[in-house]
Protein chains: 2
Amino acid sequence: MTPRGQKTRQKLLRAAEVIFGEKGYERASIADITRKSGVALGTFYVYFPDKQSIFVEVVDELGERLRRLIAESVVGISHRIDVEREGLRAFFEFAREHPNLYRVVRQAEFVDEECYRRYYDRFARGYVRGLTQAMDDGQIRRMDPEALAYCLMGIGDFLGMRWVIWEEDPGLERVLDAAMDLISRGLDPRPPPRTGKASTSKTATASSKRGARSARSTPRSTAS
Amino acid sequence: MTPRGQKTRQKLLRAAEVIFGEKGYERASIADITRKSGVALGTFYVYFPDKQSIFVEVVDELGERLRRLIAESVVGISHRIDVEREGLRAFFEFAREHPNLYRVVRQAEFVDEECYRRYYDRFARGYVRGLTQAMDDGQIRRMDPEALAYCLMGIGDFLGMRWVIWEEDPGLERVLDAAMDLISRGLDPRPPPRTGKASTSKTATASSKRGARSARSTPRSTAS
DNA sequence: ATGAAACATGAATCGCCCTTCAAGTTCATC
DNA sequence: GATGAACTTGAAGGGCGATTCATGTTTCAT
């Protein structure tokens with residue numbers, strides 16, 4: 001492929017990211033993409049065999065860029081808690097600059113499930129590596145690293161949805177602090193204090209099956 | 001509307017939940033829904049003005065059922081940490097019994113954004129109420145309740161995705177324990193121990209702006 | 001210059017599906 | 001057993017959009 005062709009291909013990819021983000025996969029037409037790219041309809045099929053292919057490539061590329069950005073913004077930070085904070089911040093920044101990220105990735109579930117899982121799986125893989133290392137170093141408590149990775153990804157995803165995508169900016173830093181408050185305490189390797197009332201009822205600290213249920217009374221909710 | 005009509009309407013709603021879950025909103029046709037319902041095509045438009053309406057109703061109904069189930073499965077539990085555990089468990093159970101939940105709700109983002117936000121907003125609202133109450137009672141640490149609510153929803157969502165939707169069952173209880181381990185420590189109202197190295201670098205415990213960055217060196221990743 | 005490989009074009013094909021509608025059926029009530 | 005309101009039916013109408021293809025244009029090594 002000549003440089004000229006590569007340029008056209010890139011134009012299509014960039015336009016596709018925007019169009020898919022704005023209208024969703026199904027409602028986005030090839031004509032939308034080529035129009036935005038400033039190329040003819042037929043040209044599309046010179047570079048991509050079908051609509052699904054360009055979509056998958058957009059998702060894979062977004063994931064790769066995001067993972068690289070986070071990895072880079074975390075270089076040289078020695079403590080895992082600080083890595084989490086900066087990684088989260090980098091993620092929020094990326095999401096703000098790419099409002100299509102969320103919408104595109106979520107569409108992937110329906111367009112190409114494999115692509116969708118790959119996105120999170122790769123993310124989790126890197127996460128597990130970093131967390132395991134931090135556990136070995138005694139920086140954080142030893143826990144199931146994959147479960148932890150998905151917890152942290154979930155926190156980032158939902159906070160980003162609520163305070164980056166839905167609301168513009170206000171209080172993002174405050175929200176980041178709140179999340180890190182939860183996370184840093186949750187990961188703190190130091191044993192909890194021996195005094196005071198337990199943080200959870202004694203029967204249900206961990207690995208209890210249905211041990212947490214206390215007496216039921218009226219079917220009136222008290223929470224959630 | 002007579003009982004006969006209500007029955008037909010319900011058949012359409014139930015079929016729609018499955019069809020929308022299986023094929024996604026756009027690829028699901030009205031004909032698919034009526035076929036599965038055992039009803040004629042035209043009958044659909046007696047009960048719903050268009051395709052979008054039935055979809056929104058499916059989402060709203062799923063959200064309502066889920067919230068009610070969680071609220072009920074948590075009645076009579078006095079400590080918030082235990083409420084979290086049982087609520088999470090109830091959510092996983094619901095997700096297992098309704099594999100369409102995830103797929104349907106996520107489509108909502110593209111079909112009717114308002115409906116999508118309403119789903120999470122209502123969920124969060126109940127969460128905030130319960131968490132605030134628990135803070136007032138001294139059961140958990142005082143934190144931004146809405147940020148916390150979205151963190152907890154994110155954890156539930158991602159764990160459910162990974163260990164209920166993607167994988168069948170194995171280790172769900174173990175994963176639940178891991179999550180509760182993180183959460184119960186993170187919410188523990190008792191002050192952290194005064195001894196030992198800090199859980200996070202002293203400059204970045206909270207409300208620091210860009211205070212966590214230490215010296216940068218080579219752009220080689222160490223994590224994530 | 002020139003031929004061919006790479007690239008670009010957009011009208012036409014083909015199939016799908018939302019929605020409408022005119023006509024038939026059921027059923028409770030009087 | 002007749003009436004009409006509620007319900008059901010499925011065959012078009014009409015629009016849209018992915019993909020194809022025959023044709024034209026650019027580039028560049030020779």
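Figure 1. At least two residues of the surface are supplied by each of α2 (30–37) of chain A, α1 (3–23) of chain B and α3 of chain B. The helix that gives the most to the surface near DNA strand D is α3(B), with four residues.

**Figure 2. The surface near DNA strand C.** Around DNA strand C there are 19 residues, of which G5(A), A40(A), G42(A), S29(B) and G42(B) come nearest. By class, this surface has nine nonpolar, seven polar and three charged residues. Three helices each supply at least two residues of the surface near DNA strand C, namely α1 (3–23) of chain A and, from chain B, α2 (30–37) and α3 (41–47).

**Figure 3. T34(A) and the residues it touches.** T34(A) lies in helix α2 of chain A, and it counts as buried because 20 or more other C-beta atoms are needed within 10 Å and T34(A) has 21 C-beta neighbours inside 10 Å. When residues up to four places away in sequence are not counted, T34(A) touches V39(A), A40(A), L41(A), T43(A) and F44(A). By contrast, T34(A) and I81(A), which are 47 residues apart in sequence, are 45 Å apart in space, C-alpha to C-alpha.

Figure 4. Chain A has nine helices and zero strands, and buried residues make up 42% of its 224 residues. Among the contacts in chain A with a separation of 6 or more, 61% are accounted for by residues 24 or more positions apart. The mean pLDDT of chain A is 89, and 87% of its residues reach 70 or more. Where pLDDT is low, the predicted coordinates should not be read in detail.

**Figure 5. Helices α5 and α9 of chain A.** Helix α5 of chain A, residues 80–97, has 18 residues and reaches 25 Å from its first C-alpha to its last, which is close to the 26 Å expected at 1.5 Å a residue. This helix, α5(A), is mostly covered, with 13 of its 18 residues buried. Helix α9 of chain A, residues 172–187, has 16 residues and reaches 22 Å from its first C-alpha to its last, close to the 22 Å expected at 1.5 Å a residue. Because 13 of the 16 residues of α9(A) are buried, this helix is largely enclosed by the rest of the structure.

**Figure 6. A179(A) in the largest nonpolar core.** The largest nonpolar core has 114 residues, and the members that touch the most other members are C151(A), A179(A), C151(B) and A179(B). Leaving aside residues up to four places away in sequence, A179(A) touches L88(A), I155(A) and L159(A) of chain A, and also A147(B) and C151(B) of chain B.

**Figure 7. R185(B) and S184(B) in helix α9 of chain B.** Helix α9(B) has 16 residues and reaches 22 Å from its first C-alpha to its last, close to the 22 Å expected at 1.5 Å a residue, and it is mostly covered, with 13 of its 16 residues buried. R185(B) has its place in this helix, which covers residues 172–187 of chain B, and R185(B) counts as buried because it has 20 C-beta neighbours inside 10 Å. S184(B), which also has its place in helix α9 of chain B, counts as buried because it has 24 C-beta neighbours inside 10 Å. The C-alpha atoms of S184(B) and M153(B) are 15 Å apart in space, and the two residues are 31 residues apart in sequence.

**Figure 8. L101(B) in helix α6 of chain B.** L101(B) lies in helix α6, residues 100–111 of chain B, and L101(B) is buried, because it has 23 other C-beta atoms within 10 Å. Not counting residues up to four places away in sequence, L101(B) touches L62(B), F94(B) and A95(B). L101(B) and L66(B) are 35 residues apart along the chain, and their C-alpha atoms are separated by 9.4 Å.

Technical notes. Residues numbered from 1 in each chain as written. Chains lettered and ligands numbered in written order. Predicted model: local features only at pLDDT ≥ 70, side-chain atom pairs only at ≥ 80, totals over all residues. Near = placed C-beta within 6 Å. Nonpolar A, V, L, I, M, F, W, Y, C, P; charged D, E, K, R; others polar. Core = buried A, V, L, I, M, F, W, Y, C linked by C-beta atoms within 7 Å. Buried ≥ 20, exposed ≤ 12 C-beta atoms within 10 Å, placed from the backbone. Contact = placed C-beta atoms within 7 Å. Expected span 1.5 Å × (residues − 1). pLDDT = per-residue confidence, 0-100.
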